[in-house]
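Good morning, everyone, and thank you for making time for this short talk. Please have a look at the sequence and the structure on the screen, and then I will take you through them.

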Amino acid sequence: MSREWLVVLLVTVCVVSIVDATIAALVGAQSVLWSSIRVAAMIGLIVAACRRPSAEQ
């Protein structure tokens, strides 16, 4: 599988997790703090996945 498809797959999973965390916080199924941590982690993964590989690789 090419790197582009892996990035698309990771970003899709992260977006779904962000939506899930937001809904869980809104309905009270999960604390806002834990939901915020999940959202921040997913955003970090998206940023890391979308960065271009260095020229050394």
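Arg38 is buried, with a relative accessible area of 18%, where buried means under 20% relative accessible area, exposed means over 50%, and partly exposed covers what is in between, with a 1.4 Å probe and protein chains only. Arg38 sits in helix α2, which runs over residues 32–50; helices here are DSSP runs of H or I with at least four residues, strands are DSSP runs of E with at least two, and both are numbered from the N terminus.

Before I go on, a word about where this comes from: the model is predicted, so local features need pLDDT of at least 70 and side-chain atom pairs count only at pLDDT 80 or more, while totals for chains, interfaces and linings use all residues. Residues are numbered from 1 along each chain as its sequence is written, and side-chain values use heavy atoms, with hydrogens and water left out.

Which residues does Arg38 touch, once its neighbours within four places in sequence are left aside? They are Ser17, Asp20, Ala21 and Gln30, where contact means heavy atoms within 4.5 Å. With one of these, Asp20, Arg38 forms a salt bridge, and the closest N and O atoms are 2.8 Å apart; the term stands for a side-chain nitrogen of Lys or Arg within 4 Å of a carboxyl oxygen of Asp or Glu. Asp20 lies in helix α1 and Arg38 in helix α2, so the pair ties together parts that are 18 residues apart in sequence. Asp20 counts as partly exposed, at 42% relative accessibility, whereas Arg38, at 18%, counts as buried. A search of the whole structure finds one salt bridge. As for Val27, the C-alpha atoms of Arg38 and Val27 are 16 Å apart in space, and the two residues are eleven apart in sequence.

Let us now turn to the helices themselves. How many helices and strands does the protein have? There are two helices and zero strands. Helix α2 has 19 residues and reaches 27 Å from its first C-alpha to its last, close to the 27 Å expected at 1.5 Å a residue, where the expected span is 1.5 Å times one less than the number of residues. In α2, the buried residues are Ser35, Arg38, Met42, Ile46 and Ala49. Seen down the axis of α2, these buried residues fall within an arc of 75 degrees, so they line one face of the helix, the arc being that of the directions from the helix axis to the C-beta atoms. The buried residues of α2 pack against α1.

Helix α1 can be described in a similar way. At 1.5 Å a residue, its 25 residues should span 36 Å, and the end C-alpha atoms are 36 Å apart, which agrees. In α1, Val7, Cys14, Ser17, Ile18, Ala21 and Ala24 are buried, and the buried residues of α1 pack against α2. Just after α1, Gly28 takes a positive phi of about 85 degrees.

Two places let us follow the packing at the level of single residues. Not counting residues up to four places away in sequence, Ile18 touches Val39, Met42, Ile43 and Ile46. Ile18 and Ala41 are 23 residues apart in sequence and 9.3 Å apart in space, C-alpha to C-alpha.

Leaving aside neighbours within four places in sequence, Ser35 is in contact with Ala21, Ala25 and Gln30. The C-alpha atoms of Ser35 and Thr22 are separated by 6.5 Å, although the two residues are 13 apart along the chain. Thr22 is in helix α1 and is partly exposed, with a relative accessible area of 37%.

Finally, let us step back to the whole protein. The C-alpha atoms fill a box of roughly 45 × 20 × 10 Å, taken along the principal axes. Of the 57 residues of the protein, 21% count as buried. Thank you, and I am happy to take questions.
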